[in-house]
Amino acid sequence: MRRLLLTIVTALFASVLFVPHAVAGNPHFVGDATIVRNADNSLTVSGKLAGLGNEEQVDVRVTALAECINPGSKKPQAANKESFSAEGQFPVQNGKAEYELTLVATTISPNCSPPMTIRWSDVLIEDLTHNISQFYPGPF
């Protein structure tokens, strides 16, 4: 009986040691993203994801609405707004990934030239690999 018990305990111990374990992650955004409207009217969005497990990379997409406004913060034409997006793949190290994407409003028609500027809003950040997202209404 002792021998049987010892054999069972040894087999269980060996299975725990030698069977590879799947590393389950808990993907999530770390804090709030940093969203900056640049002098050239582009928008840079950066942040961090964690809980990614043993993955090699993560796919991130940022989408935002760009509106052309005049110096009095008025939107002169309803047609002067458009949604833009940028997407990238970012390496995962130790279950974490940092991302940075820049959106450029190049095709707003009619052209948004000075003194008019681009105002960004409705920023959606998506981790396409894990189907999670963050939303920031703005404006920026």
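This is a predicted model: local features need pLDDT of at least 70, side-chain atom pairs count only at pLDDT 80 or more; totals for chains, interfaces and linings use all residues.

User: What percentage of the residues in the protein chain is buried?
Analyst: A residue is buried under 20% relative accessible area, exposed over 50%, and partly exposed in between (1.4 Å probe, protein chains only). Among the 140 residues of the protein chain, the buried share is 34%.

User: What is the order of the strands in the open sheet of four strands?
Analyst: Two strands pair if DSSP finds at least two bridges between them. Strand 4 (residues 57–69) and strand 7 are joined by nine bridges in the antiparallel sense, with Val62 standing opposite Ile125 in strand 7. The open sheet has four strands with antiparallel pairing, in the order 5-4-7-8.

User: Which strands are the edge strands of this sheet?
Analyst: An edge strand here pairs on one side only. That description applies to strand 5 (81–91) and strand 8.

User: Which residue in the turn between strand 7 and strand 8 has a positive phi?
Analyst: Strand 7 (residues 117–127) and strand 8 (residues 132–136) run antiparallel and are joined by five bridges. Within this pairing, Asp127 stands opposite Ile132 in strand 8. The two strands form a hairpin with four residues between them, and the residue in the turn with a positive phi, about 60°, is Asn131.

User: Is Asn41 buried or exposed?
Analyst: Asn41 belongs to the loop between strand 2 (34–37) and strand 3 (43–50). Its side chain makes a polar contact with the side chain of Arg37 at 2.9 Å; such a contact is a pair of N or O atoms within 3.5 Å, where within protein one must be able to donate a hydrogen and the other to accept it, and residues adjacent in sequence count only if both atoms are side-chain atoms. Leaving aside residues up to four places away in sequence, Asn41 touches Thr117, Ile118 and Trp120, a contact being heavy atoms within 4.5 Å. Because its relative accessibility is 17%, Asn41 counts as buried.

User: What kind of aromatic pair do Phe84 and Trp120 form?
Analyst: Rings of Phe, Tyr and Trp (its six-membered ring) pair if their centres lie within 6.5 Å; planes under 30 degrees apart count as stacked, over 60 as edge-to-face and the rest as tilted. By this rule there are two aromatic pairs. Phe84 lies in strand 5 and Trp120 in strand 7, so this pair ties together parts that are 36 residues apart in sequence. The ring centres of Phe84 and Trp120 are 6.1 Å apart and the planes stand at 70°, so the pair is edge-to-face.

User: How far apart in space are Gly72 and Met116, C-alpha to C-alpha?
Analyst: Gly72 is found in the loop between strand 4 and strand 5, and with a relative accessible area of 47% Gly72 is partly exposed. Gly72 and Met116 are 44 residues apart in sequence, and their C-alpha to C-alpha distance is 9.3 Å.

Methods
Residues are numbered from 1 along each chain as its sequence is written. Side-chain values use heavy atoms; hydrogens and water are left out.
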